[in-house]
Amino acid sequence: MRDENIAMDDIDRKIISATQTGLPLVRNPYHAVAKELGLPAKTVMERMQAMVKNGIIRRIGIIPNHYKLGFKSNGMTVWDVPDEEIDRLGEAIGKLGFVSHCYQRPRHLPEWPYNLFAMVHGKTRNEVLNKAEQIGEIMGDLARAHDILFSDAILKKTGLRLPQAHNSNKE
Amino acid sequence: MKHRADLPILDSANRRIINMLQGGFPVSESPYQETATRIGISEDELLWRLEVMKTDQVYSRFGPLYNAEALGGAVTLAAMKVPDDDFERVTELVNAHDEVSHNYRRSPTPLNMWFVVSTEDKNGINSVLSTIEQETGLKVYNMPKQKEYFLKLKLFV
């Protein structure tokens, strides 16, 4: 093929499409993916190693089902902290073992004053409340306001759609 | 064997598997063999346990987690203030969009519906959110992440 860049993208896209719902549970999973795609196993492994390195793959592992593991309660804790302190606080909160995600997001004043989000998982609602209190201790006086949003119902839950894999499905 | 649907039996080997497979699964000839050795079980047993835990929905997916933004896509979190007596209608309208991957009802807060939207490019997000505003007649609060302080899930079971 003449245009190596296009060829690369196309191979990566095929690999993404074949693996985004999971790796096969067989002894040589990358060989199985390669066979399905008609590619050498070496190519599949090299491409995936490169994607791990450049961040296209965040990680390879298990996506646990919190609820089934007994973490029946989750609380999205939201905090209003000064913009100039948010990085320091975000990094401190993100290190906590019970925080799965920690993000800075925009405020929508006056209804929504919160700019720091930390997702907390616990076995019970009380456990989540206790953990939120621990976050509050780290925040100290810097948190001007906070709230904990509990999930009452999952209204929809599907896999995240990925752009390149989606494109390749259309081809 | 059937056990209580909401409580899968997690013995110590399964706990080790879940904790060890949070990330860093190797890209190699025999990655399950390598992982099994670290856990202290055989490759066949690891594969079998992963099959059973998948069936029991102890985990939803095992494999590479792709970064949608690195692939050129866009993701956002959005919220709406939905009146209780209109909740069902709005849920249907929002969920009807394929771009909405997750949607949760949350309380106690005036913003009681929270959903994740992912599209192939940045413009797609605005177009989905404004369509939802038109369809529902409600304001959508767009809260894209501006900075991420942590992603890896540290789950100790």
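Analyst: Welcome! Let's begin with one term: the bounds of a domain come from an automatic or database domain assignment. In this predicted model, that assignment divides chain B into domain 1 (12-55) and domain 2 (74-142). The C-alpha centres of domain 1 of chain B and domain 2 of chain B are 38 Å apart.

User: How do you know how confident the predictor is in chain B?

Analyst: Look at pLDDT, which runs from 0 to 100. Chain B has a mean of 89, and 89% of its residues reach 70 or more. Among its elements, strand 5 (residues 140-142) of chain B has the highest mean, 98. The lowest, 82, belongs to strand 6 (residues 147-150) of chain B. For the model as a whole, the scores are ipTM 0.75 and pTM 0.76.

User: What makes residues 1-6 of chain B a stretch to read with care?

Analyst: Their pLDDT stays under 50, whereas local features need at least 70. The model also gives these residues two contacts beyond four places in sequence.

User: How do you know that chain A is in contact with chain B?

Analyst: A contact requires C-beta atoms, placed from the backbone, within 7 Å. By that test, 63 residues of chain A are in contact with 67 residues of chain B. Several elements of chain A supply at least two residues each to this side, including helix 1 (4-19), helix 4 (86-94) and strand 5 (145-157). Strand 5 of chain A gives the largest share, ten residues. Sorted by class, this side of chain A has 30 nonpolar, 21 polar and twelve charged residues.

User: Why are strand 1 of chain A and strand 1 of chain B called paired?

Analyst: Pairing takes at least two bridges found by DSSP. Strand 1 of chain A and strand 1 (residues 59-66) of chain B have seven, in the antiparallel sense, so they count as paired. For one example to find in the structure, I63(A) has R61(B), in strand 1 of chain B, as its bridge partner.

User: What makes up the secondary structure of chain A?

Analyst: Chain A has six helices and five strands. Along the sequence they follow the pattern α-α-α-β-β-α-β-β-α-β-α. Contacts in chain A also reach along the sequence: among those between residues at least 6 apart, 61% join residues at least 24 apart.

User: Why are some residues of chain A called buried, and how many are there in percent?

Analyst: A residue is called buried because 20 or more other C-beta atoms lie within 10 Å of its own. Of the 171 residues of chain A, 35% pass that test.

Technical notes
Residues are numbered from 1 along each chain as its sequence is written. Chains are lettered from A and ligands numbered from 1 in the order in which they are written. This is a predicted model: local features need pLDDT of at least 70, side-chain atom pairs count only at pLDDT 80 or more; totals for chains, interfaces and linings use all residues. Helices (H or I, at least four residues) and strands (E, at least two) are DSSP runs, numbered from the N terminus. Ala, Val, Leu, Ile, Met, Phe, Trp, Tyr, Cys and Pro count as nonpolar, Asp, Glu, Lys and Arg as charged, and the others, Gly among them, as polar. A residue is buried if 20 or more other C-beta atoms lie within 10 Å of its own, exposed if 12 or fewer, and partly exposed in between; C-beta atoms are placed from the backbone.
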